[in-house]
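Have the viewer open as you read.

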Amino acid sequence: PHYREVVESFGCELCYHGGHCREKDEIERIVEGVDVVFCPVDINSHNACRYAKKACKIRDKPCYFLKSSGLASLKRGLETFAKAVA
């Protein structure tokens with residue numbers, strides 16, 4: 001709930017994916033429906049980060065890699081994104 005509160009404080013909606021894919025195109029479908037992806041590198045494998053980056057690039061979506069999965073890191077990523085689109 002804390003992550004959702006931070007995301008909503010920026011006027012956004014949280015779409016969370018735990019990283020485990022049951023279907024090959026699962027990440028692609030998620031990226032298709034969002035405006036930006038934040039990928040914490042401390043809890044995702046190198047391959048998962050690479051795949052997220054590729055899915056974003058194909059769909060021309062911004063992808064931010066966060067140093068940690070902590071709340072403060074997400075907030076900094078959202079601030080960076082907000083400045084980029086302003």
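This is a predicted model: local features need pLDDT of at least 70, side-chain atom pairs count only at pLDDT 80 or more; totals for chains, interfaces and linings use all residues.

## Ground rules

Residues are numbered from 1 along each chain as its sequence is written, and side-chain values use heavy atoms, with hydrogens and water left out.

Helices (H or I, at least four residues) and strands (E, at least two) are DSSP runs, numbered from the N terminus.

## The largest pocket

Rolling a probe the size of a water molecule over the atoms shows where empty space is left. Here the largest pocket comes out at a volume of about 940 Å³. Its lining counts 34 residues, and the closest to the centre are Cys 15, Tyr 16, His 17, Val 37 and Phe 38. On the method side, a pocket is an open set of points on a 1 Å grid over the protein atoms alone, where a 1.4 Å probe fits, with protein on both sides within 12 Å along at least five of seven lines; lining residues have an atom within 4 Å of a point. Grid points are joined across faces, edges and corners, and the volume is the space filled by probe spheres set on the points.

Which elements supply the lining of the largest pocket? Helix H1 (2-9), helix H2 (26-32), strand E1 (37-40), helix H3 (46-58) and helix H4 (71-85) each bring at least two residues. The largest share, four residues, comes from E1. By type, the lining divides into 24 nonpolar, eight polar and two charged residues.

## Salt bridges

Side chains of opposite charge can pair when their charged atoms come close. The structure holds three salt bridges, each being a side-chain nitrogen of Lys or Arg within 4 Å of a carboxyl oxygen of Asp or Glu. One of them links Arg 29 to Asp 25, with the closest N and O atoms 2.6 Å apart. Arg 29 has a relative accessible area of 44% and is partly exposed (buried means under 20%, exposed over 50%, partly exposed in between, with a 1.4 Å probe and protein chains only). Asp 25 is partly exposed too, at 33%.

Arg 59 is a partner in two bridges. Its side chain meets that of Glu 28 at 3.6 Å, N to O. Arg 59 lies in the loop between H3 and E2 and Glu 28 in helix H2, so this pair ties together parts that are 31 residues apart in sequence. Glu 32 and Arg 59 meet at 2.9 Å, N to O. Since Glu 32 lies in helix H2, this second pair ties together parts that are 27 residues apart in sequence. Shared partners join Glu 28, Glu 32 and Arg 59 into one network.

## The loop between H3 and E2

Lys 61 lies in the loop between H3 and strand E2 (63-66).

Most residues other than glycine have a negative phi. Asp 60 has a positive phi of about 55° although it is not a glycine, and at 70% relative accessibility Asp 60 counts as exposed.

Ser 73 is found in helix H4. With a relative accessible area of 6%, Ser 73 is buried. Its C-alpha atom is separated by 9.9 Å from that of Phe 38, 35 residues apart along the chain.

Ser 69 is in the loop between E2 and H4. Ser 69 is partly exposed, at 24%.

Note on methods: Ala, Val, Leu, Ile, Met, Phe, Trp, Tyr, Cys and Pro count as nonpolar, Asp, Glu, Lys and Arg as charged, and the others, Gly among them, as polar.
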